[in-house]
Amino acid sequence: AVFPELPREWVRSPGWTKYGEKGPVSVPYPQCSGWCSMLKCAYKMVTISLLLAVAISPDFVYSWVSPALDQPWLYNRAPNTDLLIPFGSEPKTVIGHHIMFDRARIAEEYSEKRSNLRFLDTQSLHVCVSGLENTQKGQWLGANSRNEILDKDWMKVGSPNSLAAVHKLYCGRDLDKSTRDVFVSGTHSDVQAQFQSLTAYCAGDVVATYNVLRNVWSLYKERFPSPVTLAGMFEMASCYIPTNKNWQRYTNESDNMFYTMQGEIQHVLSNLADDALLRYHLDKKKTESDPWMSQLDWSTKKILGVKDKKLSKKLQAEEDARRKQELENPSPTSISGLINTVCSETVEKPKHYLGAPEWYRTLCPKASSYHDISWTRSPSEISLSTAVAPMLLKLACHGHTLYRTHHHGWGFLQPKSTDEVKT
């Protein structure tokens, strides 16, 4: 399909306006049925107020203006569908990039009856055929920010999910998104003053989405020829969660449960870190031979002005006996005493765990000054996402110790078989 010509001037009146050969005409909603209506919504991010939208069908161009554009006080009222976008009850397929954002601003989607709208997301189509996983996204964005050449093979055939990046990948042209900053950092008056250019920006994004669709659709159909896959995408994009006045209570209770469990996990990991530190100082050889503990960085920073004390044979024997007893029956007192011993401080200011091993130091908060009363000696910055957590939990895969390297990431070391060793 060929897009109709975009208007040179956009009508600034509340509701939908249709642009055709006979000029602009006010309509209740886009009058198109069949394959698609490309949609782009824009809103003021500071106040989260929906202001503009543009839709394009095979025959006409449509623009929508919120009544709140010239009457911003309308957003001070209780939430209602009067300020959402009407799309009509006729069956339509609405296409957009990250279309769920636009769907949340369509009035019919808040009806108790299921609407006849279906949504197709070009972002989802892109993820299916040329999307990147999290590690690749970081590498791609880092190289792009440094203006480096995307020389790796996967960088040439994939991209992050933003419309600008996807448009560059499939269409080979940059997409100017600078106008969007008005919605981010500008005022409501700025949107009013730049109405024409901002509406044209929305229309430009719709055209860009259409160009992306033309290129990614053939790749998607080649990769997923079964109509069941497409039907599943339509169905997933039409789901909703029915709620009532208890929804806020549900979200609050869920948040509270999450933070409670997160605190319990952090407490367990913190205790494991303290226990590992104690066992290392009580029996270094055993700790260094442990396949998990040996992966941790046990190096320490030397404390200036402190010399190692050499014990006599009698005192050394007594010290070894004490350590053996504490190793067999560790107590909170012994753990806290050890932490206070190895994590020394001087009179001038608290030292950041100078006597503690490097892996333990990275888990502990830094004190801003000697008089910082909120500072405590505890590995409170540990979580399941920290690299030392699998070591402390002694995780294994297929019975083999989990291992991590900077080059390969996470994996496990599989010992050679007896035959291989003999060979």
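The charged end of Lys 18 sits over the ring of Phe 60, 4.5 Å from its centre; the criterion is NZ of Lys or CZ of Arg within 6 Å of the ring centre and within 35 degrees of the ring normal. Arg 105 has its charged end over the ring of Phe 101, at 3.9 Å from the ring centre. The model is predicted, with local features requiring pLDDT of at least 70 and side-chain atom pairs counted only at pLDDT 80 or more, while totals for chains, interfaces and linings use all residues. Residues are numbered from 1 along each chain as its sequence is written, and side-chain values use heavy atoms, with hydrogens and water left out.

Phe 60 also belongs to a cluster in which ring pairs link it with Trp 16, Tyr 62 and Phe 87. Rings of Phe, Tyr and Trp (its six-membered ring) pair if their centres lie within 6.5 Å; planes under 30 degrees apart are stacked, over 60 edge-to-face, and the rest tilted. The count of aromatic pairs comes to twelve. The rings of Trp 217 and Tyr 220 are stacked, because their centres are 5.9 Å apart and their planes lie at 25°. Both residues, Trp 217 and Tyr 220, lie in helix α8 (residues 195–223), three residues apart, or about one turn of the helix; helices (H or I, at least four residues) and strands (E, at least two) are DSSP runs numbered from the N terminus.

Another tryptophan, Trp 292, is found in the loop between α11 (284–289) and α12 (313–328). Its relative accessibility is 16%, so Trp 292 counts as buried. Leaving aside neighbours within four places in sequence, Trp 292 is in contact (heavy atoms within 4.5 Å) with residues including Pro 390, Met 391, Leu 395 and Ala 396. Ala 396 is 104 residues from Trp 292 along the chain, and their C-alpha atoms are separated by 9.5 Å.

Thr 401 and Leu 402 are also among the contacts of Trp 292. Strand β9 (residues 400–405) pairs with strand β10 (residues 409–412) in the antiparallel sense over four bridges, where pairing requires that DSSP find at least two bridges between the strands. The bridge partner of Tyr 403 is Gly 411 in β10, and a hairpin joins β9 to β10 through three residues.

The cysteines can be considered next. A disulfide is a covalent bond between the sulfur atoms of two cysteines. With a cut-off of 2.5 Å for a pair of cysteine sulfur atoms, the count comes to zero disulfides. Cys 171 counts as buried at 17% relative accessibility, as does Cys 364 at 3%.

For the protein chain as a whole, the secondary structure comes to 16 helices and ten strands. Buried residues make up 37% of its 423 residues. Among contacts between residues at least 6 apart in sequence, 60% join residues at least 24 apart.

Terms used
Buried < 20%, exposed > 50% of the residue type's maximum accessible area, 1.4 Å probe, protein only.
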